[in-house]
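Please read it alongside the sequence and the coordinates.

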Amino acid sequence: MLKNRWIALYVENEVGVLAKIAGLFAGKSYNLESLTVGTTEDEGVSRMTIESTCDDLTFEQIKKQLNRMVEVIKVMDLTDTPIHMKEVMFAKVKKCTDEDKAEVFRIADVFSVKVVDIGPDSVLLECMLTERRNNELIRLLKSRFVKVEIVRGGAVAIESVSTSCR
């Protein structure tokens with residue numbers, strides 16, 4: 001059965017490591033839904049958060065192949081682990097009337113997102129929500145406004161320190 005799976009990797013922070021990881025997915029025709037990379041508290045180590053939609057067998061193969069890579073320090077399966085996860089997204093609503101801008105501000109308030117820029121006929125929102133909430137926001141904006149531009153980054157996740165999750 002296909003389902004969304006999450007992996008966190010600690011990898012050596014070196015040139016070419018991201019390309020090797022992406023190459024592994026491409027070479028085996030595994031689908032990358034989301035990939036986010038950033039340095040950790042140790043500048044020599046980066047953490048990758050990867051989302052892939054696959055079945056159990058494929059997911060086990062992905063984890064085994066990642067564990068074999070020299071540059072990979074640690075592989076963590078976050079699929080069934082309590083985690084905190086957010087996705088960065090910017091939403092630009094264009095060709096706004098004054099009434100449209102007021103509506104964008106109301107929507108931003110309801111979704112607890114920031115209005116970070118405003119122009120003569122547009123509003124820019126900065127969103128730090130779960131993937132599901134970002135999807136809900138996109139659907140709402142597209143249903144109410146003619147011109148909406150979306151830029152999404154991948155999700156980042158960290159294991160929970162309590163029993164609450166996602």
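Is R133 buried, partly exposed or exposed? R133 is partly exposed, with a relative accessible area of 28%, on a scale where buried means under 20%, exposed over 50% and partly exposed in between (1.4 Å probe, protein chains only).

## Basis of the description

This is a predicted model, in which local features need pLDDT of at least 70 and side-chain atom pairs count only at pLDDT 80 or more, whereas totals for chains, interfaces and linings use all residues. Residues are numbered from 1 along each chain as its sequence is written, and side-chain values use heavy atoms, with hydrogens and water left out.

## The four-stranded sheet

Four strands form an open sheet in the order β2-β3-β1-β4, and the pairing is antiparallel; strands (E, at least two residues) and helices (H or I, at least four) are DSSP runs, numbered from the N terminus, and two strands pair if DSSP finds at least two bridges between them. The edge strands are β2 (34-39) and β4, each of which pairs on one side only. On average, and with direction ignored, neighbouring strands of this sheet are turned by 15 degrees against each other, where axes are lines fitted to C-alpha atoms, for helices over the stretch in contact, and angles run from 0 to 180 degrees between N-to-C directions.

Strand β1 (residues 3-12) is joined to the antiparallel strand β3 (residues 45-54) by 10 bridges, and the bridge partner of N4 in β3 is T53. Five bridges join β1 to strand β4 (residues 72-77), again in antiparallel fashion; here I7 stands opposite D77 and V11 stands opposite V72.

## Helices on the sheet

Helix α1 (residues 17-27) lies across β1, β2, β3 and β4, running at about 15 degrees to β3. Helix α2 (residues 56-68) also packs on the sheet, touching β1, β3 and β4 (contact means heavy atoms within 4.5 Å), and the direction of α2 makes about 0 degrees with that of β1.

Two packed helices are described by the angle between their axes and the distance between the axes. For α1 and α2 the angle is about 145 degrees, with the axes 11 Å apart. In their contact, I21, L24 and F25 in α1 meet I62, Q65 and L66 in α2. The residues of this contact divide into five nonpolar, one polar and no charged, with Ala, Val, Leu, Ile, Met, Phe, Trp, Tyr, Cys and Pro counted as nonpolar, Asp, Glu, Lys and Arg as charged, and the others, Gly among them, as polar.

## Salt bridges

A search of the whole structure finds 13 salt bridges, each being a side-chain nitrogen of Lys or Arg within 4 Å of a carboxyl oxygen of Asp or Glu. One of them joins the side chains of D56 and R5 (2.8 Å, N to O), and this pair links distant parts of the chain, with D56 in helix α2 and R5 in strand β1, 51 residues apart. D56 is exposed, with a relative accessible area of 52%, whereas R5 is buried at 5%.

Another joins E149 and K94 (3.0 Å, N to O), linking strand β8 (residues 147-159) to strand β5 (residues 83-94) across 55 residues. E149 counts as partly exposed at 32% relative accessibility, and K94 counts as partly exposed at 25%. R133 forms a salt bridge with E136, the closest N and O atoms being 2.7 Å apart; both residues lie in helix α4 (residues 131-144), three residues apart, about one turn of the helix. Finally, E60, K63 and D77 are linked in a network of salt bridges.
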